[in-house]
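This report describes a structure for a reader who meets it here for the first time. Please keep the sequence and the model at hand while reading.

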Amino acid sequence: MSAKAISEQTGKEFLYKYICTSAAVQNRFRYATVTTETEWDRLTQEHPWLLTERLVVKPDQLIKRRGKLGLVGIDLDLQGVREWLKARHMKETTVGKAKGVLKNFLIEPFVPHTQEEEFYVCIYATREGDHVLFHHEGGVEVGDVDAKAQRLMVAVDDKLSEDQVTEQLLTHVPEDKKEVLASFIVGLFNLYEDLYFTYLEINPLVVNQDGGVFVLDMAAKIDATADYICKAKWGDVEFPPPFGREAYPEEAYIADLDAKSGASLKLTLLNPRGRIWTMVAGGGASVVYSDTICDLGGVDELANYGEYSGAPSEQQTYDYAKTILSLMTREKHPEGKVLIIGGSIANFTNVAATFKGIVRAIKDYQGPLKENEVTIFVRRGGPNYQEGLRVMGEVGKTTGIPIHVFGTETHMTAIVGMALGHREIPNQPPMDAHTANFLLNASNSAMTPATTRTASFSEPRTSNDITPAKKSKAGLPADCLHSILWPLKNVVTGDWKAKATTLFRKQTKAIVWGMQTRAVQGMLDFDYVCSRDEPSVAAMVYPFTGDHKQKFYWGHKEILLPVYKNMADAMKKHTEVDVLISFASLRSAFDSTMEAMQYSQIHTIAIIAEGIPEAQTRRMIKMADEKGVTIIGPATVGGIKPGCFKIGNTGGMLDNILASKLYRPGSVAYVSRSGGMSNELNNIISRTTDGVYEGVAIGGDRYPGSTFMDHVLRYQDTPGIQMIVVLGEIGGTEEYKICQGIREGRITKPVVCWCIGTCATMFASEVQFGHAGACANQASETAVAKNQALRDAGAYVPKSFDELGDVIKTVYDELVANGTIIPAQEVPPPTVPMDYSWARELGLIRKPASFMTSICDERGQELIYAGMPITEVFKEEMGLGGVLGLLWFQRRLPRYACQFIEMCLMVTADHGPAVSGAHNTIVCARAGKDLISSLTSGLLTIGDRFGGALDAAAKQFSKAFDSGMLPMEFVNKMKKDGKLIMGIGHRVKSINNPDMRVQILKDFVKQHFTSTQLLDYALDVEKITTSKKPNLILNVDGFIGVAFVDLLRTCGGFTRDEADEFVEIGALNGIFVLGRSMGFIGHYLDQKRLKQGLYRHPWDDISYVLPEHMSM
């Protein structure tokens, strides 16, 4: 959400730190907080004024009207404060319908003053600007400030002056206080803007005879989405829960997951002992499920509200699911428990991937779930939902947990009635055709499930039967015209330009901002199935690469779309474009949108990003109104006009496009806030009518770029649309404009409307739903009030969301019966080939892989080495040797084996600059080559003569030992064959000057290895060779080679054949290569650090000889 309440202490801290005013603000930072951990001695040391001044004490827990509730202790000394707290601290209190425990208190200096010195000031945000309310009589008895206060509206981007404040707000204030108050209010307003407040109320604000300003009580909300802008000033803000609801660590855990994810993850615990738990996908759908549970009498047993959306990964869904399962299995319920895993039809979330995360959690908690007698009900649709439902049903069978699974053939909220015993559970629910079957059906005579169609596929009707839209009544006041009937076709008021009635046509071209190749391909597939002549995407803009071409499919063939680094080039080269689809991030969406509106060719902009600060959104709306641009979003999936155009991922994948008949227009237009619910509306409308003509999801923010009324009026003025569906929501007052439009005759087409969020009035404490705008700030903003107003105005309003489809069907059937809608014959769409990647995801095809690997898997949330997650590798402190064992040998080796590997790497790391590999590396480094080139130059010298004797020694000694040769026989045979014994001999070291590296390794091996047969054999060979020449010792290469064979054969992790195979394929030389790479890199860095120049070998170190025939 965006607007979040902060504690009074936090609000005052912001004010004292950052307000800029000539008014003398008193008692800055003079407050002390009392919690359960407070130590009074320490508190008085930190705030010595507590011992000397009269005090005020009050709870700081988002409680309104504390004074009237007797929750403020006034004019007390410290002992009086402690006694006052003793009677209230950690005691349960009822405030309205909410019961809660008083835990956090604020102590401040008492300010003696008269009633005449108390004032009221409040600033709050609306779509058009910020309202400043002021009343000259503040305090506990201020009453209805909306009716009594002076008010001033500061339009978006306008500034507030002291003269405005004095003239419009301070008319009843004594002259001697006007200057102080004007300066303070202007400073307060600037603070409100700079720190992205959305609400700020001070009551009372005291100005005494000396002109001192005292902020006594304060309530505030800030726009939490502005954290990336205000972090430096805000610091780490704690957002307390509403009074009556505890702050649970699990809520904080999910909030942390949400903050670290591009997806949306929300959790609010309502009643941890409740028997009804939900795990719902989608901000809008989560509200609908909560409504239905409450409608069916489950409000007292509803345990939680929450939602996951925005394509969370399998791991993120697993973390979310296990949190809920952990909570719901902590305490048994005598009637057992139900878990509702619901959701609308996803637009782009891979249902199978998210369900796999939930399935993992169910498997982990299968014991507790069965102990708590949990029954699970599942309903979902969207990309790959059939596979998701299959794995969910399968886990029910394997675990024995009752899991009932349903797809798009079942009404979205039907599972709630089943879970609560109000509806029978079907034994074998009907299943829609598999995604693949639907997509790959190549028959030209295929019929869609519908039996009716509109008469037209792309052009509006010209039938004389259609009642023309009534014109607006003359003589309406200007503010009514502005707020209710705006924008009217061809009407211009002030500096605003009229906006287009038709946003999308079959020839519409768009630019997509962002490298969203999947969304673009979805748009092109939609274009193709709609029989468009050309793709709807003309180009893409992506600032992080240079200009280039990107490959896409148009039906069966490949095409190239241009990608531009900057928007100016794209606009200049594609003048036919009038739509921008922005996938810019929340941080860059504002700038890119403002830039796009500078180009007069752009008439429509869709902003997908969620979490744009409200102040920035309002500035975008203002410019859009001035430029005549329609904005869809922010926080939206977009919109769709069947047969013409779709925005990004709207409508989901092709199977849903076809199932919901979105490839051609119907007669019904809809507007919704929720993107997921818009796809559900596609499904409902396609099953109950001839289909969708146009649908728009305006987005879940408090201030969407375009409103319900904007689109309802467009639909009213579009001849091809015969009925309108509106899915409203708790929060805001936009739906009342539809009521007024119906009453005044501006809207004459049938309107079916339902506002979700009816459950909110049943909760004891305030619940912020998934959408930022889904929160009622007054009674008129509740869903219940809006549904009743719409019903009274003449809209068709069902009793619940469950009945929405029935009401839509009833209205549609009436329109067919009276001839307004004439059914037409279906025409099958062209077949679009399925993408290879998606066909593979569905398990429809197979092909030989180009590579096979068995040591590492990076595809999941966590890197896996030979089946072991990287977190486990660190948790068990396996070290480098352990990792090498996993990656090279696919085994978890014993601890001593890992240590031996690490010792080998250490002793082979370097042997000075004179050896060939180090020499080559140094020469290459001094020639100015890079690290990789220099390292490679050194590594290329490794072979039988230098460093590569590990494998050869292992093979020679193993063969001799395994064949039963005595050490003397082996030495004699090698001499007779004229071959060197690999691993024997050293240029410098000898039996009298032993190599300490070998000695260190030998001591370790003898102490830890279970058997050293081959090593003993090699040491016997060394006795024979050193008796002939002292330097024919078993060198470090030979030692590592034979010891490694002993390790592989005797550690218990390998069969004899496996051990021999690793020797044969060259694994042992890898030890030397890996170890010596450390040394080579060291030499490279050393030469660079010493700034050594190009190496030239000295001529006096070269023996120049003439060819033999010339010297004679």
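Ala789 lies in helix H25, which covers residues 783–793; helices (H or I, at least four residues) and strands (E, at least two) are DSSP runs, numbered from the N terminus. With a relative accessible area of 18%, Ala789 is buried, where buried means under 20% relative accessible area, exposed over 50% and partly exposed in between (1.4 Å probe, protein chains only). Apart from neighbours within four places in sequence, Ala789 is in contact with Tyr736 and Cys739, contact meaning heavy atoms within 4.5 Å. Gln740 is 49 residues away from Ala789 along the chain, and the C-alpha atoms of the two are separated by 9.7 Å.

The model is predicted: local features need pLDDT of at least 70, side-chain atom pairs count only at pLDDT 80 or more, and totals for chains, interfaces and linings use all residues. Residues are numbered from 1 along each chain as its sequence is written, and side-chain values use heavy atoms, with hydrogens and water left out.

A second residue, Gln315, belongs to helix H10 (residues 314–328). Gln315 counts as partly exposed because its relative accessibility is 21%. Setting aside neighbours within four places in sequence, Gln315 is in contact with Arg360 and Gln861. Gly860 is 545 residues from Gln315 in sequence, yet their C-alpha atoms are 7.8 Å apart in space.

For the chain as a whole, there are 40 helices and 36 strands. Of its 1112 residues, 55% count as buried. The C-alpha atoms fill a box of roughly 120 × 90 × 75 Å along the principal axes. Among contacts with a separation of 6 or more, 74% join residues 24 or more positions apart.

Helix H13 holds 15 residues, 385–399, and should span 21 Å at 1.5 Å a residue; the end C-alpha atoms are 21 Å apart, which agrees. The expected span is 1.5 Å times one less than the number of residues. Buried residues of H13 include Tyr385, Leu389, Met392 and Val395. Just after H13, Gly400 takes a positive phi of about 80°.

Two packed helices are described by the angle between their axes and the distance between the axes. Axes are lines fitted to C-alpha atoms, for helices over the stretch in contact, and angles run from 0 to 180 degrees between N-to-C directions. Two such pairs are set out below.

| Helix pair | Axes come within | Crossing angle |
|---|---|---|
| H33 (residues 949–962) and H37 (residues 1036–1050) | 8 Å | roughly 60° |
| H34 (residues 967–976) and H36 (residues 1013–1028) | 9 Å | roughly 55° |

In the contact of H34 with H36, Pro967, Met968, Phe970 and Val971 in H34 meet residues of H36, including Tyr1017, Val1021 and Ile1024. By class, this contact of H34 with H36 has seven nonpolar, one polar and two charged residues. Here Ala, Val, Leu, Ile, Met, Phe, Trp, Tyr, Cys and Pro count as nonpolar, Asp, Glu, Lys and Arg as charged, and the others, Gly among them, as polar.

H33 and H37 are likewise oblique to each other. Residues of H33, among them Ala953, Phe957 and Phe961, meet residues of H37 that include Ile1040, Val1042 and Arg1049. The contact of H33 with H37 divides into nine nonpolar, three polar and three charged residues.

Note on methods: Angles under 35 degrees count as roughly parallel, over 145 as roughly antiparallel, 65 to 115 as roughly perpendicular and the rest as oblique.
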